[in-house]
Amino acid sequence: MTTSKQQRGRVAAAQGALRGLGRYAAVAGTVVAASSLIAIASADDTVAPAALAASDAAPPAAGDAAAQVASRGHVESAQVQEVTVTARRREEKVQDVPIPITTLSGDALDKDGTFRLEDLSQKLPSSNFQFSNPRQTSLAVRGLGNNPANDALESSVGVYLDNVYLGRPGMANADLIDIDQVALLRGPQGTLFGKNTTAGVLNVSTRAPSFTPEAIGELSGGTLDFFQARGAVSGPIVGNALAVRISAVESDQGGSITDIDTGGKYNGFHRKGMRGQLLYQSSGDFSLRVIGDFNHEASSCCVASLYSFGPVVTLPNGGKGYAFPYFATQAGAITPSIDPEFRTTQINDKQYMQVNQGGASAEANWTLPSGYRLTSISAYRSWGFLPTNDADGLSVSAIPNAGQGVDDKQFSQELRLASPSGRSVEYVLGTYYFFQNQDNNQFTRYGPAAGAYLGAAALNNLYSQIRSNPTTDSSAAFAQATWHASDALSLTGGIRETYEAKSLRIIRDTPTRGGAPVTGPLPFYDSGAQALNNYDLSGLLSLDYKFSRDVLGYLSFAHGAKAGGINASVPGAGLGASSLYIAPEKANDAELGFKTTLWHRRLTFNANAYWTLVKNYQATQLVQTSPGVYVQNLSNIGYVRSQGLETEVQAVPVRWLTLSLTASYNDAIYRSYANAPCSAEAAAAGQNGCSLTAAYGVAGFQNLSGSQVVGAPRWIVNPGLTLKHRLFDDVRGYFIGDYAWRSSFFGAPDNSQYSRIAAYGIARFHAGLTKELGPTTLDVSLFADNAFDKHYVLGGLGLGSYLAYSEYAGPPRIVGITARLDY
């Protein structure tokens with residue numbers, strides 16, 4: 001490529017700026033390679049470098065619209081498998097994409113039995129899932145995004161299913177079946193596709209219909225009454241023009257939380273789902289992929305376990321003790337206790353949860369005669385949630401049922417035009433439209449023991465409900481272009497303008513007792529029509545340089561924005577509807593990293609440093625909406641800063657062994673947070689502007705500036721290994737071991753020491769045999785999830801009634817067997 005004198009000057013300047021990064025990449029990569037590949041010299045099946053170089057060609061890429069893993073199969077490779085992604089809306093090798101991105105292949109997820117959304121954090125760097133129930137599900141990336149339970153505001157981390165943005169993370173909380181690839185993009189996104197996000201994107205792609213007949217059947221069973229059946233069939237209907245794929249799953253698991261009074265079991269699940277697809281393609285220049293799916297869940301979810309009674313306080317009788325056990329026994333309940341393994345409860349009312357969701361999407365791709373590609377993605381989804389919750393956690397009926405039912409519907413339309421690949425300037429232009437409407441019903445049913453427990457006899461047998469209808473209407477235009485200034489140097493710029501209108505109305509009905517209206521407590525409230533409009537600008541500027549074919553360095557700056565919103569709850573005492581409004585969240589981000597492929601593709605070593613500053617970060621606060629009932633509202637935090645280092649290593653020192661490591665150090669702190677919720681200890685001590693109320697609740701705000709962000713462990717380290725070896729001509733054995741460790745973090749947004757979650761590590765082991773039976777492969781394996789039966793909590797509710805903290809326990813060890821047939 002020829003350049004002008006001015007262009008050569010810019011190229012030289014850029015090369016100088018990145019030369020130091022290249023030296024670091026080469027040195028660091030060589031050190032890791034040397035330490036990882038010592039075994040090569042003595043290995044019996046070491047492949048000569050010349051043979052490796054001869055085989056160093058990219059495997060065939062899949063031809064559908066979703067991001068695809070480039071190769072599959074049972075043949076053990078002496079190289080790290082190359083992966084193809086469409087993160088920049090054109091097929092590229094992941095090692096050539098100047099974005100911090102981690103991919104997991106569907107084959108690998110199938111092999112080690114990963115089928116739940118929350119399990120992905122054990123494999124992805126800088127990520128932390130928190131799960132209380134399907135409605136209260138959050139994914140944080142680099143400590144940003146722990147805002148799980150507000151129905152009127154989207155998450156900082158976007159979740160996509162087959163290129164369709166999901167309006168809430170809980171929509172992805174179904175069994176992961178027939179998955180082709182999971183990709184986690186870190187940092188602000190939005191100048192290339194879909195909805196704008198400030199912290200990252202999790203993109204889940206399912207397997208497309210195949211024109212080669214195939215079938216998959218799998219059965220699993222194990223301890224804790226675990227059972228799962230999964231299957232898929234695919235093949236052509238009309239020659240090479242039309243293909244179909246049908247996938248189905250059914251999963252059951254018994255409860256892991258035991259009621260110590262009745263012996264009842266909770267937090268089990270029953271799920272079933274189906275997905276059907278059609279793929280039409282015409283002469284290679286047009287394709288249409290239509291997907292429809294439905295999922296149902298009925299579970300004894302979701303029971304929290306007592307984590308801490310909080311601080312010792314002066315009780316109404318003048319003695320010293322814990323407030324929660326005292327008031328529980330005053331109401332006639334059995335004295336609460338804390339299980340050090342977080343596996344027990346003492347509830348006496350029904351615990352049940354039901355989710356019904358489904359949707360349809362159509363993705364059309366036209367390759368125009370000029371080489372341009374036009375893409376249209378139309379989608380509709382619905383999500384219904386109906387809980388029945390014993391909300392008091394007691395052996396008496398103080399609040400036998402409280403929760404929030406949700407009826408959520410969304411429609412989205414995306415249009416993109418991508419220029420031909422291989423030119424000096426490549427670009428993508430697009431528009432995006434998203435509409436979401438919800439009908440929500442927050443309800444509280446007080447029981448006969450409410451007055452004794454909450455100190456208000458007027459609450460006995462009272463029923464209250466709050467209705468809201470949050471609506472989001474969002475449209476955007478975006479563009480991103482890459483200029484290949486030379487064969488090595490590329491410059492990328494992107495921009496997005498988003499307009500978003502939100503509205504809702506909140507009505508608290510007059511409470512009833514026995515069906516008759518009651519005046520006094522929890523009076524009628526009507527917010528009237530509330531509306532909010534936002535214009536938000538996002539942008540990207542990046543520079544990447546290929547120091548060699550196998551070493552890429554990159555530097556990027558991005559600005560991301562997420563619209564404000566309106567909390568869908570009744571304002572606190574003495575506050576008007578204006579207190580419900582939340583300002584837009586805006587993030588500035590810088591990335592510096594490299595990607596290397598070394599030792600004839602036996603080793604990949606990627607690392608990057610990042611710095612993100614978020615203004616008006618939308619964070620969760622626990623707000624009491626009625627006596628004994630708390631909801632998670634969002635408020636703005638002045639500034640949050642997240643910075644750290646991430647690394648990913650994959651090595652194949654010998655043909656039968658693959659080693660992997662993802663690790664991250666994340667220093668996420670509140671730079672300015674003067675309106676933080678008070679912790680139990682601060683209220684009890686009357687410190688930091690906090691105090692106890694007469695009902696032993698907390699009042700006031702504390703300053704958490706400089707403190708660690710909730711749900712943000714500083715260290716996440718996920719090592720793994722895979723052993724594969726041919727035992728006989730047609731029999732192969734394999735062993736997969738993964739370990740996921742994270743350092744201590746706060747589980748509640750008040751950063752109470754009583755909510756601090758200790759560091760923990762979870763091990764998963766799978767071992768099996770595969771046998772070729774003609775065109776069919778039989779796979780039988782044993783598995784152990786949470787193999788060392790680690791007792792840990794995932795985070796969750798935090799501060800509740802009477803200064804006590806509750807959290808949600810992680811699942812116990814499950815051991816079982818899986819049999820699978822692939823045709």
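Colleague: How do β12 and β15 pair, and over how many bridges?

Modeller: Strand β12 (residues 242–253) and strand β15 (residues 269–282) pair in the antiparallel sense, over twelve bridges. Two strands count as paired if DSSP finds at least two bridges between them. Helices (H or I, at least four residues) and strands (E, at least two) are DSSP runs, numbered from the N terminus. This is a predicted model: local features need pLDDT of at least 70, side-chain atom pairs count only at pLDDT 80 or more, and totals for chains, interfaces and linings use all residues. Residues are numbered from 1 along each chain as its sequence is written, and side-chain values use heavy atoms, with hydrogens and water left out.

Colleague: Which residue in β15 is the bridge partner of Val-249?

Modeller: Gly-273.

Colleague: And what joins β15 to β16?

Modeller: 14 bridges, with the strands running antiparallel. Within that pairing, Lys-272 has His-296 in β16 as its bridge partner. The two strands form a hairpin with three residues between them. Ser-283 sits in the turn and has a positive phi of about 55 degrees.

Colleague: What is the strand order in the open sheet of three strands?

Modeller: β14-β13-β20, with mixed pairing. β14 (265–266) and β20 (344–345) stand at the edges, each with a single partner strand, so one side of each has no neighbour in the sheet. β13 (residues 257–259) and β20 run parallel, joined by two bridges. There, Thr-258 stands opposite Thr-344.

Colleague: Switching to backbone geometry. Where is the cis peptide bond?

Modeller: From Cys-301 to Cys-302, with omega near 10 degrees. Cys-302 is in the loop between β16 (286–299) and β17 (305–308).

Colleague: Why flag that sort of thing?

Modeller: Because most peptide bonds are trans, and most residues other than glycine have a negative phi.

Colleague: What is the phi of Arg-601?

Modeller: Positive, about 65 degrees, and Arg-601 is not a glycine. Arg-601 lies in the loop between β36 (585–598) and β37 (603–626).

Colleague: Is Arg-601 buried or exposed?

Modeller: Arg-601 counts as buried, because its relative accessibility is 8%. The cut-offs: buried is under 20% relative accessible area, exposed is over 50%, partly exposed is in between (1.4 Å probe, protein chains only).

Colleague: What about the phi of Tyr-802?

Modeller: Also positive, near 55 degrees. Tyr-802 is in the loop between β49 (798–799) and β50 (805–807). At 7% relative accessibility, Tyr-802 counts as buried.

Colleague: Which ring does Tyr-802 pair with, and how?

Modeller: Tyr-453. The centres are 5.3 Å apart and the planes at 75 degrees, so the pair is edge-to-face. The rule takes rings of Phe, Tyr and Trp (its six-membered ring) with centres within 6.5 Å; planes under 30 degrees apart are stacked, over 60 edge-to-face, the rest tilted. Tyr-453 is in helix α5 (residues 450–454), 349 residues from Tyr-802. Tyr-453 counts as buried, at 2% relative accessibility.

Colleague: Which residues make up the cluster of linked ring pairs?

Modeller: Tyr-326, Phe-327, Tyr-453, Tyr-696 and Tyr-802.

Colleague: How many aromatic pairs does the rule count?

Modeller: 25. One of them is stacked: Phe-735 and Phe-765, 5.9 Å centre to centre with 25 degrees between the planes. Phe-735 lies in strand β44 (residues 731–742) and Phe-765 in strand β47 (residues 760–773), so the pair ties together parts 30 residues apart in sequence. Phe-735 counts as partly exposed at 28% relative accessibility. Phe-765 counts as partly exposed at 28% too.

Colleague: Which charged end sits over the ring of Tyr-734?

Modeller: That of Lys-111, 4.3 Å from the ring centre. The test is NZ of Lys or CZ of Arg within 6 Å of the ring centre and within 35 degrees of the ring normal. Arg-271 lies over the face of Phe-269, at 4.4 Å from the ring centre.

Colleague: Last topic, packing. Which residues touch the most other members of the largest nonpolar core?

Modeller: Leu-120, Val-182, Leu-202, Tyr-617, Ile-637, Val-640 and Tyr-670, in a core of 46 residues. A nonpolar core is a set of buried Ala, Val, Leu, Ile, Met, Phe, Trp, Tyr and Cys residues joined through side-chain atoms within 4.5 Å. A second, separate core has 33 residues, including Leu-306 and Ala-449.
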